[in-house]
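Please keep the sequence and the model open while reading.

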Amino acid sequence: MNPVIETILNHRSIRHFEDKQLTDEQIHTIVKCAQAASTSSYMQAYSIIGIKDIEKKKKLAEIAGNQAYVEHNGHLFIFCADLHRHEVAGEMEQVDVSTSLESTEKFMVALIDATLAAQNAALAAESMGLGICYIGGIRNNSEQVSELLKLPNRVIPLFALTVGYPAKMSGQKPRLPLTHIYHEEVYEQDQGHYKQLLNEYNETISQYYKERTKGEREDTWTGQMVNMLKVPKRMYMKEFVQKKGMDIK
């Protein structure tokens, strides 16, 4: 055990922040930590848009489903998959790289690079005593977010990261058992055992909600997932991504 591991294992999403803005030094430190993340073939295929303007925050909060903490936080970071600079590099070097940039492989590289950078940023913020929450809700209207942030072609807004001083600490939701996440040599082949582990996890989650809500909720994890997945969401995404010049080939 060490401070890094303690910080990681203490993670929880924070949705209530003090009315106190991050300093430029804090913001730059968080971004530098994001940049220190691993990146595929040195591509660094992401960009981060920092939002201080309260009106922009308010608009993004509306897009994200009227989540108040998207508007009220210490700073808002928008992480984007970015292959625009690689297109510019091709122009500078007078080489047509469009086929590569339109491939599913390079789209995946951009997604992975951005996600690795974001998790570094989150961990850095939490190590500074700040709280964070990832916001996927900005994908409710990626076109509108793209216009609001003036994102060029081959740049896609993926998610936001709210950062700030916690005003209220949240509880930690129990994660899936390690044996359901970590498989050795091959994926778990025994479906009976697989379902048994999920049933045990359902009991843990149900008890968690029961205690947290004083008996008002007894949700199971599988029940939550099925209720979420039975109604398809953001089905416009493939069309939007391809319109932005990515994941075409």
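The lining of the largest pocket is made up of 13 nonpolar, 10 polar and 9 charged residues. The model is a predicted one. The pocket has a volume of about 1,100 Å³, and of its 32 lining residues H11, S13, R15, Y134 and R175 are the closest to the centre.

**Largest pocket**

- Five elements each supply at least two residues of the lining of the largest pocket: α1 (3–9), α7 (104–127), β3 (131–135), α10 (191–212) and α11 (221–229).
- Among these elements, α7 gives the most to the lining of the largest pocket, namely 5 residues.

**Second largest pocket**

- The second largest pocket has a volume of about 330 Å³.
- Its lining has 15 residues, and K173, Y209, W221, Q224 and M225 lie nearest the centre of this pocket.
- Two or more lining residues of the second largest pocket come from each of α10 and α11.
- With 5 residues, α11 has the largest share of the lining of the second largest pocket.
- By residue type, the lining of the second largest pocket divides into 8 nonpolar, 2 polar and 5 charged residues.
- Both α10 and α11 also supply at least two residues each to the lining of the largest pocket.

**Cysteines**

- How many disulfides does a search of the whole structure find? The search finds 0.
- C33 is in no disulfide, and the nearest cysteine sulfur, that of C80, is 19 Å away.
- C33 has a relative accessible area of 28%, so this residue counts as partly exposed.
- C133 is buried, with a relative accessibility of 2%, whereas C33 is partly exposed.

**Overall build**

- The protein has 12 helices and 4 strands.
- A compact globule of 249 residues would have a radius of gyration near 18 Å, and the 20 Å of the protein agrees with that.
- Taken along the principal axes, the box filled by the C-alpha atoms is roughly 60 × 50 × 40 Å.
- Buried residues make up 38% of the 249 in the protein.
- Among contacts with a separation of 6 or more, 78% join residues 24 or more positions apart.

- S41 is not a glycine, yet S41 has a positive phi of about 50°.
- S41 sits in the loop between α2 (24–35) and β1 (46–51).
- Is S41 buried or exposed? S41 is exposed, because the relative accessible area is 70% and the cut-off for exposed is over 50%.
- Q94, also a residue other than glycine, has a positive phi near 60°.
- The loop that holds Q94 runs between α5 (84–93) and α6 (98–101).
- Q94 has a relative accessible area of 74% and is therefore exposed.

Definitions and conventions
Residues are numbered from 1 along each chain as its sequence is written. This is a predicted model: local features need pLDDT of at least 70, side-chain atom pairs count only at pLDDT 80 or more; totals for chains, interfaces and linings use all residues. Side-chain values use heavy atoms; hydrogens and water are left out. On a 1 Å grid over the protein atoms alone, a cavity is a set of points where a 1.4 Å probe fits but cannot get out, and a pocket is an open set with protein on both sides within 12 Å along at least five of seven lines; lining residues have an atom within 4 Å of a point. Grid points are joined across faces, edges and corners, and a volume is the space filled by probe spheres set on the points. Ala, Val, Leu, Ile, Met, Phe, Trp, Tyr, Cys and Pro count as nonpolar, Asp, Glu, Lys and Arg as charged, and the others, Gly among them, as polar. A disulfide is a pair of cysteine sulfur atoms within 2.5 Å. Buried means under 20% relative accessible area, exposed over 50%, partly exposed in between (1.4 Å probe, protein chains only). The radius of gyration is taken over C-alpha atoms; the globule rule is 2.2 Å times the number of residues to the power 0.38. Contact means heavy atoms within 4.5 Å.
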